Amino acid sequence: MHVDIQLRQVRGDNVGAVRAWMVRAGSDDKREAVSLSENLTIAGWPEVGDLSGCQTPGDLKAELAKAYPRENPRVLGNWRGQLWRFRAVMSPGDLIVLPLKAGDIAIGCLTGDYQFRAEAAPGLRHVRTVTWKRTDVPRSDLRADLRATLGSLLTVSELRRLDAVKRLTEIAAGNSDPGNPDAPADLRLLGGGPAELADKVAQAPAGETVRLAVRDLLSIWDFVSRSGKAIATIRRDLDDLGLAVVPPVTEVPSIDHMVRVVPIGMAPEAERKSSGEETADLELEPEAGNDSEADLLADEDPGSSVVADVNLIPDGAGEGESGEEEESARPASVLVTVGRLPSARSELKTVRLTDPLSRAVELLSENAYDQLPVLDDDGHLRGSISWREIGATNRPATALVEDAAVLKVRSIRTDEPMVDCLADVADHGCVFVLNPDGSLSGIVTGHDLAHRFDQELRPYALIQELELRLRRALKKALMQVKEIHGEYGLPGDPAKIVKLAEQGMNFADYITLLKRDDVWRATGWQFPQQSFAERMDRVRKIRNETMHFHTSDDDRISAVKEIQVALQMLKTVQPQA
């Protein structure tokens, strides 16, 4: 059997080879059967109307918002990317892969443009014609690396890596998988990485989600902290797998915090059947990256540079033990949300409106609490109760919590800015924290805010004092050079003295001066010159990351320690600031 793989002329002189796409049938047995019997590839999304008039991703975004007005914007962005590729990017001649429920896969060639079949049953209307070449390919016929690229939970995804087009073409023709010389020799990287995580999510029983600590999630990609590179890499790979982390890894207090990995890339009908939960109220990162309109439009050009689909080999490999290099392409978010406070994601003791009042007294006494949140029978926050309310009047032994509770309560969501709760905490001592779905998440008190602001501001205060001492010492040393030798060490030294006095010199200039032998001798310091200059260079990098909001919570403790050591060394030789 021969599969005709043609070359297409695109945009000027660029020539692009065919592409390979996986289009899942989801949990709908009928869609799989219709796809094979009628030679179609079907996208699903039954609530969405005809997309023939959508000329841009923006047009498609409007259609999705109309069909799913309550859906999470991040999920809508993911769906928009998939449907746009199905509607406009896939081209006749491309390979189509359909995973089958029996465990085999079908491989065919796309033969037609997008069609909307208004007369068809919901879920079977968005179609494109296909000539199926094989419908009985055992998964075992694909080598492990190629099988792993089929792990995405997206309904529509491109298979870009590991020479997938050439290999699938050979398999469709009845030949064996020729493999790829660039595939990793260590198959553990394939089975134990992101693809395995996607398998766990797909196999989780309805209503259950995969839970793991942020630390364990990072380790899948061989990262040890939430650096800029770690966050960007994991976000990209999870997008390609149709997954998201709830809450986002940047929005929890520490890497020991538990998060959930949930599917967001499935077509809505498959999603509702498999995940057992709605995605509208999930706390997700904002839409970004691969689903932006510019990226989707650029994706129409097969000759353009593209991002790999599933990064099965950790990006850190070959870059040192942890593989962590500075990620400058995507700066960390400046926004500090309420959810990053440990107490905002703590398990609180609660009482229900219908509980005996004695139960509230018991919990307040046992836990030395000042107050308790009061929930209704659906688990939603309705109010609070404290010793003040309990002791306000004499109540009968049969009194319920609702007889004493204050039913007007202040709350804030985990994904809202932390500064938004300052006034309420200042006026009332605390504020309760809710998840986006309305369930109780934790509490924020004045103590929690004071501790957080100490963490945030301490690096700035330490750096400010260190720079002040360093400027004064270097200014004095430059002047001392002139006193000793009768002239300045370099012609530009007078200007440097002025800059040091007027705080017009940057940290890199301090290090340049520290490396000058004449200046170093003039300081009279007994530290090893090179090691001290290297320490100050580390402080410089920390300063830059701090001032540009690149320092993650995980790195802040070690950063503060580095600054404190450098500052203490200066205090030793320069007691007066």
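## Helix α15 and its two neighbours

The contact, meaning heavy atoms within 4.5 Å, is made by Leu466, Glu467, Leu470, Arg471, Leu474 and Leu478 of α15 with Phe507, Tyr510, Leu513 and Leu514 of α17. These residues divide into eight nonpolar, no polar and two charged.

This is a predicted model, in which local features need pLDDT of at least 70 and side-chain atom pairs count only at pLDDT 80 or more, while totals for chains, interfaces and linings use all residues. Residues are numbered from 1 along each chain as its sequence is written, and side-chain values use heavy atoms, leaving out hydrogens and water.

Now meet the other neighbour. Helices α15 and α16 are roughly antiparallel to each other. Here Arg471, Leu474, Lys475, Leu478 and Met479 in α15 meet Asp493, Lys496, Ile497, Leu500 and Ala501 in α16. That contact divides into six nonpolar, no polar and four charged residues.

Here are the two pairs, with axes fitted to C-alpha atoms over the stretch in contact and angles running from 0 to 180 degrees between N-to-C directions.

| Pair | Angle | Axes |
|---|---|---|
| α15 (residues 446-485) and α17 (residues 507-514) | roughly 45° | within 11 Å |
| α15 and α16 (residues 493-501) | about 155° | 9 Å apart |

How many helices and strands does the chain have? There are 20 helices and 18 strands, counted as DSSP runs of at least four residues for helices (H or I) and at least two for strands (E).

Terms used
Ala, Val, Leu, Ile, Met, Phe, Trp, Tyr, Cys and Pro count as nonpolar, Asp, Glu, Lys and Arg as charged, and the others, Gly among them, as polar. Angles under 35 degrees count as roughly parallel, over 145 as roughly antiparallel, 65 to 115 as roughly perpendicular and the rest as oblique.
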